[in-house]
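Trainee: I would like to go through this model with you. Where do we start?

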Amino acid sequence: MGKLVILKFGEGSFEQGFAVTLQIGEEHERAATEITGKLPPFPEMPLYYSHWQSSYRQIGNRYRLYADKMQVTNVSMVQDCENASYILRARFNTWLRAEEFRPLREKWLERLSSTEEVRVILQTENSQLQLLPWHLWDLLERYPKAEIALSSPSYDRIQKPRILNKLVNILAIVGNSQGIDTQADQALLQQCSNAEVTFLVEPQRKELTDQLWGKNWDILFFAGHSSSNKNGESGRIYLNKTDSLTIGELKYALRRAIENGLQLAIFNSCDGLGLARELADLQIPQMIIMREPVPDQVAKEFLKYFLEGFASGESLYQAVRQARERLQGLEDQFPCATWLPMICQNPAQLPPSWDELRSTKTEDIPNLAVSTKRRLAITLLSSLAITGFVCGMRLLGLLENPEIQAFDQMMRSRPAEKLDPRLFIITIDDEDLAIQRKNDESLIGASISEKSLNKLLAKLNQYQPRAIGLDIYRDFKAKEPDLINRLEKTQNLIGVCKGSDGTVNIPGNQPPPEIPKTNLGFSDFIHDRDGVIRRHLLFMNQEATSLCPASFAFSLQLASLYLRPSGIEPKFTPQGNLQLGKTIFPNLKSRTGGYQGIDANGGQILLNYRSSNQIAEQVKLNQFLSSPINPSAIKDKIVLIGVTAKGDSPDTWPTPYGVPLDEQMPGVLVQAHMVSQILGAVQNGRPLLRVWSLWAEMSWIWGWSLVGGVLAWRKLSLPWLALAVSIISSVLYIVCFSLLISGAWVPFVPSALSLVLMVGLMSIYNSKTKVRVASGE
């Protein structure tokens, strides 16, 4: 149990001195110790305060006073304020160390322990005494759990017993807020646990009066502009842009609210001493006011710190002290911020804790539990409904395009990988074509003449590549005997053909007649509805009329030839999936990840492009034929030969890395990515792109809708809610992106959509139940 200390100031003045009585006792009990003393005359003290007050008000921070009183802060003004505060503090403590006051000081030290929680009440009618910075008293600073409050010598206990509410009922008046931010105050109040907040936004006088009469309020909160008159005897609050009221003009409504149990009034506004004096005459139990004009940022931070402490179980006095002291972090911008908050206390009333403001009787607990369970049930059911709605949209294909676009964005954003050292690419560009024509080499039906092809194969064989992939259609017989012999006898040469498709009347292309059927692979790509290559076709059954006899893809044939010396041959699992060594390539289904209803015939996997500007080392045809080559660049590697020319019938394809014609990827490089994917998965454990099961994806989407429901419980204001949703969506994107890098394509767009929809739905539900906003337009 804490201690209660009362300092009573009798008749006197700064010119004559003050008679002082000190009472010390336990909380809830009569004082056990009383001693009288005196503070000597100190006529200069009001002048020191007035000088500090003047310098403080000249700073001109964003005060919650009047919008037309804003000024630009001057550095010299800040320094003047700080200097005046040092002088006032020093003179104030010198006065309190006077010889006449020493007996009270010594009795205080004798009877109070620095570890005890101490409530100190200063009783005086002298407004100048009330304004002094009592929290800076060096004696008080020795007691970390002590806080001081102001009180009038005249007070009465409220006789009518309180009827406790199940929740802390807060009436929040948001008055004229021109030039200040009251949205943050509203957001902080909405986050209070076990509280029901009713907002009156810029209300008319009648609306405010009706609310004060109509319900048992526990806390009255005001944010906006307010002021006190020059002598501090009365105050005024500004309800809206045209109306203002004194406490006297709300006298009967406020008296009724106090009789009905109003315990605490918080004026998070400027210059509240006049408001406190008038409310004290109505016997309000506790008030928190601001001593002087308060900067907007200081008001917001104090409210946040106070509510955090008070609602989490700190006593009212401790919550105020801790919140006030935490404002020291703002004093580089707002000098003397810790001076501003003050408690005004009716000594006949005991300050309640947060839980004491509401009913916590055993019989009330089941009702609260039912309410919580009902809210939880509504959240769960709503999240299931949202998840069902989003998954339904997804299964209908309505989200396929945005999901694919998000997939492409993530693919482009992946960190760069090293070049694949197993590949070497010989490209035929426009310059190579021009050189062949200049040398009178025939290019009929091909991108490389028979002479250049024969020369290229001969030079390649000198360097012993493990496999050679000729990604050029040659559906006609060679004429040069040397080339015919070389095509027939080069056992590590893989040629290409293209399968036919009767559904769209594509005849296909025959393979080179000279290359054995066992050394052929189809070059067919599977593109999505937007023409982009995102899938990798490994094998398929050719149509009966197909001109291409190959069942395996060109890329798979090259990879198999490369892996053969390691004893790895293609085989199939009982489920029909391709297996190379210990690596299984699961076939895509018609509904896979973001895909809904695709043609999944054949052995298809997602194409995990190698994330680099260049897939492997490349050299142009003419450069290779005319220049010496480092043998290690080719020996035991896969050499791909293909066209990158853009002039004559370009072989380019849209990919996640570029769709416009000038950004498309040559077919030989797409083949290189496919070969690299197979080899990387088998030899290096590089992840294949996989998707989760349907139920796992639905659970993932449901989980993020629950996150949205929990976020909506916080009852944030719209700007803060939008910021929170943006941050959580960014976290979701980063998680999905990280999973994609590790090989899992998980739903981002459906999850983000369920999150946003759930936040919107629950916010609407909250606005119609717990928090009612009355706006005085």
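Mentor: Buried means under 20% relative accessible area, exposed over 50%, and partly exposed in between, with a 1.4 Å probe and protein chains only. This is a predicted model, where local features need pLDDT of at least 70, side-chain atom pairs count only at pLDDT 80 or more, and totals for chains, interfaces and linings use all residues. Residues are numbered from 1 along each chain as its sequence is written, and side-chain values use heavy atoms, with hydrogens and water left out.

Trainee: What share of the residues of the protein chain counts as buried?

Mentor: The protein chain has 777 residues. The share that counts as buried is 55%.

Trainee: Which cysteine does a disulfide join to Cys497?

Mentor: A disulfide is a pair of cysteine sulfur atoms within 2.5 Å, and by this rule the count is one. The S to S distance is 1.9 Å, and the partner is Cys548.

Trainee: How many residues apart in sequence are the parts that this pair ties together?

Mentor: Helices (H or I, at least four residues) and strands (E, at least two) are DSSP runs, numbered from the N terminus. Cys497 lies in strand S17, and Cys548 in the loop between strand S19 and helix H16. The pair therefore ties together parts whose separation in residues is 51.

Trainee: Why is Cys391 too far from the closest cysteine sulfur for a bond?

Mentor: Cys391 counts as buried, at 7% relative accessibility. The closest cysteine sulfur is in Cys736.
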